[in-house]
Every structure is written in C-alpha cells, then in structure tokens.
Amino acid sequence: MDARLHLIGNPIAGKILKHFVAAAKEAASAALPAATQELVKIRASQINGCAGCLDMHTKDAAHAGETSVRLNLVATWREATVFTEAERAALELTEQGTRIADAAGGVTDEAWANAAEHYDEEQLTALVSQIALINAFNRLNVMTRQPAGDYQPGQFG
C-alpha cells in the first residue's frame with residue numbers, strides 16, 4: 001500500500017504533528033499507568049482500523065514488558081480474565097469515546113462513573129486526552145493510508 005501523503009518530512013504535517021506529539025507526551029506524563037495507556041491506544045486503533053498505530057503501540061507495549069496474552073486479548077477484553085477492573089473501565093471508556101457517533105448520548109454515565117471509581121481527576125483527564133489523541137492519530141493515518149509494519153520500539157522518541 002502506498003501512502004496518499006508522506007507525513008514524515010512534510011513541513012506542514014511536521015508543524016501539526018509537533019503539537020499532537022507534545023499533547024500526547026503531556027497526557028502520558030500523568031499518573032495513569034503506562035500499561036493502561038498502551039491498552040487504550042491499542043483498543044482505539046483496533047476499532048478505527050489503524051495499522052500504523054497498532055504496529056507502534058503493540059510493539060511499544062511488548063517492549064515495555066506487556067505479555068503477548070494480554071496484547072492478543074485486547075479486542076476481546078470483556079471475555080478475557082487478564083485485565084484488571086481499572087483497565088476494563090478504561091477500555092470501556094475508550095470504546096464509547098471512540099464510537100461517539102454510534103450512540104446518541106456519547107459516553108454513558110455508567111461508563112464514566114465506572115472509570116471515575118478507578119481513576120482520580122488527573123488520571124481521568126489523561127485518559128480522556130489519550131483517547132482523543134489516539135483517535136486523531138488514527139484518523140490521520142487511516143485517511144492518508146500510512147503503511148505499517150516497519151516500526152521499531154522507541155523510533156519516534
């Protein structure tokens with residue numbers, strides 16, 4: 001597959017992505033567990049069909065020590081027994097936040113309350129920001145057909 005736009009090295013894309021990356025780094029610096037952050041990025045990327053982000057985040061998670069069992073079960077987290085209640089709450093919020101157009105009310109009060117039971121305000125802010133940002137990255141990559149498969153852990157910093 002050939003990319004419709006080559007984002008790496010494109011001056012305008014570089015300016016825009018610099019801000020996306022800065023926001024993502026700020027959200028990542030919060031006290032939200034690193035494993036949760038990667039699981040959220042993986043699940044949203046699965047829903048959105050973003051091969052580039054799946055390539056990156058599954059490899060980064062594995063490099064950081066995430067098990068192949070958990071990585072392989074993210075798409076079926078409801079039935080899997082390998083995720084904590086807090087991770088399940090984050091994954092539910094991710095799914096609802098990613099599929100906003102599929103539900104008239106967006107994220108349900110129940111999903112929000114469940115996440116709020118496990119995460120404080122700073123962590124919720126980071127979680128919601130991570131969900132929004134990965135969805136933006138997914139859409140950028142999918143619309144421009146960015147290829148996947150060559151990513152090396154830590155490649156982008």
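Guide: The buried residues of helix H1 are Ala-13, Leu-17 and Ala-27; buried means under 20% relative accessible area, exposed means over 50%, and partly exposed lies in between, with a 1.4 Å probe and protein chains only. Helix H7, residues 121-144, is among the elements that cover these buried residues of H1. Helices (H or I, at least four residues) and strands (E, at least two) are DSSP runs, numbered from the N terminus.

The model is a predicted one, in which local features need pLDDT of at least 70 and side-chain atom pairs count only at pLDDT 80 or more, while totals for chains, interfaces and linings use all residues. Residues are numbered from 1 along each chain as its sequence is written, and side-chain values use heavy atoms, with hydrogens and water left out.

H1 covers residues 11-28, and at 1.5 Å a residue its 18 residues should span 26 Å; the end C-alpha atoms are 25 Å apart, which agrees. The expected span is 1.5 Å times one less than the number of residues in the helix. The N-terminal end of H1 is capped by Asn-10, which has a side-chain oxygen 3.0 Å from the backbone nitrogen of Ile-12.

Ahead of H1 in the chain is a segment that holds Leu-5. Leu-5 is partly exposed, at 44% relative accessibility. Leaving out residues up to four places away in sequence, Leu-5 touches Thr-144 and Gln-146; contact means heavy atoms within 4.5 Å. The C-alpha atoms of Leu-5 and Gln-146 are 7.8 Å apart, although 141 residues separate the two along the chain.

H7 itself contains Asn-141. With a relative accessible area of 16%, Asn-141 is buried. Its contacts, not counting residues up to four places away in sequence, are Leu-7, Cys-50, Cys-53 and Gln-146.

The segment after H7 includes Arg-145. Arg-145 is not a glycine, yet it has a positive phi of about 55°. Its relative accessible area is 40%, which means that Arg-145 is partly exposed. Gln-155 is also in the segment after H7, and is partly exposed with a relative accessible area of 42%. The C-alpha atoms of Gln-155 and Leu-73 are separated by 25 Å, and the two are 82 residues apart along the chain.

Next comes the packing of H2. The axes of helix H2, residues 34-48, and H7 come within 9 Å and cross at roughly 40°. Here axes are lines fitted to C-alpha atoms, for helices over the stretch in contact, and angles run from 0 to 180 degrees between N-to-C directions. H2 and H7 are therefore oblique to each other. On the H2 side this contact is made by Gln-37, Val-40, Lys-41, Ala-44, Ser-45 and Asn-48, and on the H7 side by Leu-127, Gln-130, Ile-131, Ile-134, Asn-135, Asn-138, Arg-139 and Val-142. Angles under 35 degrees count as roughly parallel, over 145 as roughly antiparallel, 65 to 115 as roughly perpendicular, and the rest as oblique.

H2 also meets H3. Their axes come within 9 Å and cross at roughly 155°, so H2 and H3 are roughly antiparallel to each other. Glu-38, Lys-41, Ile-42, Ser-45 and Gln-46 of H2 face Cys-53, Leu-54, His-57, Thr-58, Asp-60 and Ala-61 of H3 in this contact.

His-57 counts as buried, at 7% relative accessibility. Its side chain makes a polar contact of 3.0 Å with the side chain of Glu-38. A polar contact is a pair of N or O atoms within 3.5 Å; within protein, one must be able to donate a hydrogen and the other to accept it, and residues adjacent in sequence count only if both atoms are side-chain atoms. Apart from neighbours within four places in sequence, His-57 is in contact with Glu-38, Lys-41, Ile-42 and Ile-134.

That leaves H5. At 1.5 Å a residue, the 14 residues of helix H5 (residues 85-98) should span 20 Å, and the end C-alpha atoms are 20 Å apart, which agrees. Of the 14 residues of H5, 12 are buried, so H5 is largely enclosed by the rest of the structure. Glu-87, Arg-88, Leu-91 and Gly-97 are among the buried ones. The buried residues of H5 pack against H2, helix H4 (68-73), helix H6 (109-118) and H7.
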